[in-house]
Amino acid sequence: MHILVLNGPNLNLLGLREPEHYGTQTYADLVALLEQEAKHCNITIECKQSNHEGTLVDEIQGAYGKADGIIINPAAYTHTSVALLDAVKAVKIPTIEVHLTDPDTREAFRHVSYIRQGCIATICGKGFAGYVEAMHLMIAYCKDSH
Ligand code: DQA
């Protein structure tokens, strides 16, 4: 089983960026945690981060025929991007939306998620643990659908 983990804009600045919301651990810490967990679960993962909407669309399209699942934190593009929703619908790869914080309890402009309707689940407000939970959920989902 192979999972693509995609992170959107400004998540490369984890650790530096608004630590009161996002904590003090870095993006490299997140990748290390997920790679360790993937090894433990006997799957392969690829972690990508981009600040560019089109690059994230390209990554989703590129996963077609390669990834069994996508875990995505689209960051600010969650609230603006129809293109990311269309991309996950186009490739039909099971996708889980993850957020470090719970956007539904923050500013009103964060309450809309376009990608949500293309996702099999959403995990919010659990920090890095949310990505690990998403990985376990994706493994169970893929096993069930085979
Ligand atoms: C975020 C929440 C978004 O509203 C915000 O724009 C982010 C991070 C989160 O992980 O909590 O960049 O996706």
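At 34% relative accessibility, E18 counts as partly exposed. That residue sits in the loop between β1 (2-7) and α1 (19-22), and its phi is near 30°, a positive value in a residue other than glycine. The model described here is predicted. The points below cover backbone angles, helix packing, cysteines and selected contacts.

- E18 has a positive phi, near 30°, and is not a glycine.
- E18 belongs to the β1-α1 loop.
- N42 also is not a glycine, yet its phi is positive, at about 65°.
- N42 lies in the loop between α2 and β2 (44-49).
- N42 is exposed, with a relative accessible area of 71%. E18, at 34%, is partly exposed.

**Helix α2 against helix α5**

- Helix α2 spans residues 27-40 and helix α5 spans residues 128-144.
- Their axes come within 10 Å and cross at roughly 30°.
- Angles under 35 degrees count as roughly parallel, and α2 and α5 are therefore roughly parallel to each other.
- The crossing of α2 and α5 is right-handed.
- From α2, the contact uses D29, L30, L33, L34, E37 and A38.
- From α5, the contact uses F128, Y131, V132, M135 and H136.
- By class, the residues of this α2-α5 contact are 8 nonpolar, 1 polar and 2 charged.

**Helix α3 against helix α4**

- Helix α3 covers residues 53-62. Helix α4 covers 82-91.
- The axes of α3 and α4 are 9 Å apart, and the packing angle is about 5°.
- That angle makes α3 roughly parallel to α4.
- On the α3 side, the contact is made by E53, L56, V57, I60 and Q61.
- On the α4 side, the contact is made by A83, L84, A87, V88 and V91.
- The residues of the α3-α4 contact divide into 8 nonpolar, 1 polar and 1 charged.

**Cysteines**

- The disulfide count is 0.
- C119 is in no disulfide. The nearest cysteine sulfur to that of C119 belongs to C124, 10 Å away.
- C119 is buried, with a relative accessible area of 15%.
- The cut-off for a disulfide is 2.5 Å between sulfur atoms.
- C142 is buried, at a relative accessible area of 3%.

- M1 is in the segment before β1.
- M1 is partly exposed, with a relative accessible area of 34%.
- M1 and C142 are 141 residues apart in sequence, but their C-alpha atoms are 8.3 Å apart in space.
- Which residues does M1 contact, leaving aside its neighbours within four places in sequence? They are I43, T44, D68, I139 and C142.
- C142, one of these contacts of M1, is the buried cysteine with 3% relative accessible area.

- H79 is placed in the loop between β3 (69-73) and α4 (82-91).
- H79 is buried, with a relative accessible area of 14%.
- H79 and R110 are 31 residues apart in sequence. In space they are 6.0 Å apart, C-alpha to C-alpha.
- Beyond its neighbours within four places in sequence, H79 is in contact with P103, F109, R110, V112 and Y114.

- Q49 lies in strand β2.
- Q49 is partly exposed, with a relative accessible area of 24%.
- Leaving aside its neighbours within four places in sequence, Q49 is in contact with N7, G8, P9, N10, L11, N12 and Y27.
- Q49 and A83 are 34 residues apart along the chain, and their C-alpha atoms are separated by 17 Å.
- A83 is among the α4 residues that make the contact with α3.

Key. Residues numbered from 1 in each chain as written. Predicted model: local features only at pLDDT ≥ 70, side-chain atom pairs only at ≥ 80, totals over all residues. Heavy atoms only, no water. Axes fitted to C-alpha atoms, helices over the stretch in contact; angles between N-to-C directions. Helix = DSSP H or I, 4+ residues; strand = E, 2+ residues; numbered from the N terminus. Parallel < 35°, antiparallel > 145°, perpendicular 65-115°, else oblique. Left-handed = near helix turned anticlockwise from the far one by under 90°. Contact = heavy atoms within 4.5 Å. Nonpolar A, V, L, I, M, F, W, Y, C, P; charged D, E, K, R; others polar. Buried < 20%, exposed > 50% of the residue type's maximum accessible area, 1.4 Å probe, protein only.
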